[in-house]
Every structure is written in C-alpha cells, then in structure tokens.
Amino acid sequence: MVQFYSPNRRTVNRHIITVTADNLDAQGQGVARHQGKTIFVAGLLPGEQAQVQLTEEKRQFAKAKLVKRLSDSPYRVNPRCPHFGVCGGCQQQHVAPDLQRESKASVLEHLIRRETGVTVSAKPVILGPEYGYRRRARLGLHYQIKQRQLVIGFRQNQSNELVAIKECPVLRPELEQLLQPLSQCLNSLKAVKRLGHVELVLADNGPLMILRHLDPLKREDKEKLGTFSVQHNVAVYLAADETSLESLNEPPEPWYQVDGLKLVFSPRDFIQVNDQVNQQMVAQAIEWLDLQPNDNVLDLFCGMGNFTLPIGRIVQSVVGVEGVATLVANGQYNAKINNLDNISFCHENLEADIHHQPWAKLGFNKVLLDPARAGAVGVMSHIVELVPEKVVYVSCNPTTLARDSKILLEAGYQIISVRMLDMFPHTGHLESMALFSR
C-alpha cells in the first residue's frame, strides 16, 4: 500500500537503524518498514538495505536520511547529470526509468482506488525520451559579491541557494548548449548585479530567451544581448516587470506544431514542456473521445488550443474556455491561421459561478478538461448536468483527479481507461489522463 509523507514534525530519536526498502513513492523516496512504522528514505531503492537516521517522526511514519547503503538494487543507475544530488531539479536520475514509471503508475492507481473504490490500471505509460526532452526552463540568477560573478542555475533541493548549472541533460540540446555562452554574456553586462531570472524556450522555429532585469538596461548592455542573439540564433526578449516584454532584433513569432497544426504562442505563454509526450497525449484524447463529424465538444481550461484545435478539425463545433486572456487571444488567432471557423474561445473564470457564463447555456455531447493542480471541483457538477457521452480528464495532480472522479462516478459514469504520462522523467511530477463514459 502506498503511503505519503507529511511534513508535520515531532521529537525525533536520532539513533541509527537498519532498514530494507520494499517500495518507491512518487517522489523517488524509498519506503521501508521498521517496528510497524513506515520510513521514507531519499536515495534508497526497493530491495536495498541501508543504515539510516530518523530526521522527522510521526506516530505511524517517519522520514530518515541515508547514512550507509549496505546493498545495491539492479534498478540503480548512474545519474547522467554532474549536478545530481545537489540541484533540486531532478530527484530520480539514480532510478532506472522503468522503475520510475512503474512506481508513479502504482501511486496513481492507489489514489484512484482509495478515493473511488475502483481498481484500474494506469498502463501502458505514455512516454518519450528520458533525457533531452525539456523545451522550457526557468533559471535563477544571483550575483555573488565576493566572487564577483553571476551564478545561473536551479535551486538546491529544499533550499533557496542556486546551483551553478553548466550542463543539464534533461534540457533539449538546443537549450543546453546555450547555458555557458549565456552565462558569459550575462556576466559581461553592466547590469549584472541587477538581473532577476532567465527563461529558455525552444519553439519549433528556434530558441528564445526572456531576461528579467530589475533596472533599465543601458544601450551597451542591449547591444551585447543583441550580439548574443545573432551569434547563437536565439530570439531575446527583455522583461522589466512581470507584464512588459521588449524584443530585440524583431524576432519571428514563436510556434510549435501539434497534430499537424501550427500554434503560435507568446514567449510567456504556457506550453507543455515535453513535446513528444504532448503529441501522444493529444492523440490519445482524440482517440478516447471517439470524435465524430456531428459532435459538439467542450474544452475546459483550454489554454491557447493545444487540444481545442486538433479536436476542431474533426467535429461540428468546439468551444474552448480559459481564464487567461492572452491565451484566449492566441487561441482565436491560431484557429484563424489554421482556417478553423468552427471553434469559439471564451475568456471566463472557471473558479467563479459558471452558470451565468455564456458557454454554460450551450449543449455538448463530449467534454475534455485539463485543469491546474487545484483540479476542477467548481465545474464538475456542471459537466454532469451536460450529460456528455464521454469525458476526458487530463491531470497534473493525481490527488485532485481522484477527488473529482468521484463526482462523475456518483452521476453514473464509469472509469474506462487511465494512463500515466511520463511528462517529467526523473522528477516527482505525476501527470495522467482518464476516460469516463456513461
């Protein structure tokens, strides 16, 4: 049975004990038992015995740190990243990918069974490459006064301190190769002490960079960034705050393809970071919905149309509802450039009272939703009122997926299929999708 660690602390007996892990949780922690208590140990794999020291303890379970590993699992592999164990970005590079996926799928199955009473398989897992998959990343910037240099990197595990990143094998190679020249460029700027963070994004038509700066940039600094842009073929955008965006060298609009359609996006827009898994996810949703030419489909939390546009090529009509105005505008633009006139986008707050929103008065026979981590509790009752034939729920949080599933099950729906999505290999993130049918 999968259990979950809670951070609430109590007095800890810090003597060393010997345990053997028999499971792995979604975060990559080994799960062991000692005197009837579940012990979570980071870095320990199933079948491995180790000496550990308790660091946090509750009545039925505790957390421990690894003191000495006494045996090795055949699923233990050498991490590819030299920053593994210090950088907080990846926690599971020491775990064979097959075991990572199996453990996450088991967690998903357990949560659904615990919340709904339904036993369902989350396999086969939708997967892509284990490395070189991430097409978007946000890196912190911190100027070290004593060393007189700017550190560019990710935060340490459970810390605000930055790890200076020189390579990152989970990034797409086109982005990883920018890390060192970008560090050199930023360190050469007059404003080096007043930089916030940098985002790297790989569009299908090339890489782009967003630099957050805390003070206005001098002309000399903009020229250096412009030179970097030309030399490395990367579009550079400057952000003086969280809303403004200034482009250098007038770069073309970034875009990516999904299901053969071109989706233009703004540099700050959310896009799925794993392109190969995203392509499969969209294809699976279309297959599960069994789309027909006379269908009227509702796509909730639709973003800029990642699912909406591919669905629109098949059905009579599709309505996408999204709370972020810029995403709605880009969705409308993308429908236009792809010559899809049967798609409507609505800018509405799906956490507010939805019954008075225009889209809620329409009829739909199939529904797709892709909410944020908080889930979709505010719209589930309305989905039930629509009485759609099929519902596909795409989730980035298995806990809220399991919770929201109960509403559909109580209304007479059945869980037909569930699949785990390996969207973020080597991390504790667990993405999934589920099909419900009447």
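**Close-up views of a predicted model**

**View 1. R136 and E199 form a salt bridge.** In this predicted model, the closest N and O atoms of the two side chains are 3.1 Å apart. R136 belongs to strand β6 (residues 136-144) and E199 to strand β9 (residues 195-203), so the pair ties together parts that are 63 residues apart in sequence. Both R136 and E199 are buried.

**View 2. R212 pairs with E242 in a salt bridge.** Their closest N and O atoms are 3.3 Å apart. The pair links distant parts of the chain, 30 residues apart. R212 sits in strand β10 (residues 206-213), and E242 in the loop between β11 (235-239) and β12 (246-247). R212 has a relative accessible area of 16%, and is therefore buried, the limit being under 20%.

**View 3. A salt bridge joins R313 to D259.** The closest N and O atoms lie 3.0 Å apart. R313 counts as partly exposed at 44% relative accessibility. D259 is also partly exposed, at 33%.

**View 4. Salt bridges link D98, R101, E130 and D422 in a network.** The structure as a whole holds 22 salt bridges.

**View 5. Seven strands make an open sheet with mixed pairing.** The order is β17-β16-β15-β18-β19-β21-β20. β17 (343-347) and β20 (414-421) stand at the edges; each has a single partner strand, so one side of each has no neighbour in the sheet. From one strand to the next, the twist averages 15 degrees. Helix α8 packs on the sheet and touches β15, β18 (366-369) and β19. The directions of α8 and β18 make an angle of about 165 degrees. Within the sheet, β15 (residues 296-300) and β16 (residues 317-322) pair in the parallel sense over five bridges. L300 has V321 of β16 as its bridge partner.

**View 6. Helix α9 spans residues 398-410.** Its 13 residues reach 19 Å from first C-alpha to last, close to the expected 18 Å. At the start of α9, a side-chain oxygen of N397 comes to within 3.0 Å of the backbone nitrogen of T399. Buried residues of α9 are P398, T400, L401, A402, D404, S405 and L408. Their cover includes α1 (97-116), α8 (377-386), β19 (390-395) and β21 (431-437). G412 follows α9, with a positive phi near 105 degrees.

Key. Residues numbered from 1 in each chain as written. Predicted model: local features only at pLDDT ≥ 70, side-chain atom pairs only at ≥ 80, totals over all residues. Heavy atoms only, no water. Helix = DSSP H or I, 4+ residues; strand = E, 2+ residues; numbered from the N terminus. Expected span 1.5 Å × (residues − 1). Buried < 20%, exposed > 50% of the residue type's maximum accessible area, 1.4 Å probe, protein only. Contact = heavy atoms within 4.5 Å. Polar contact = N/O pair within 3.5 Å; in protein donor to acceptor, adjacent residues only side chain to side chain. Pairing = 2+ DSSP bridges. Axes fitted to C-alpha atoms, helices over the stretch in contact; angles between N-to-C directions. Salt bridge = Lys/Arg side-chain N within 4 Å of Asp/Glu carboxyl O.
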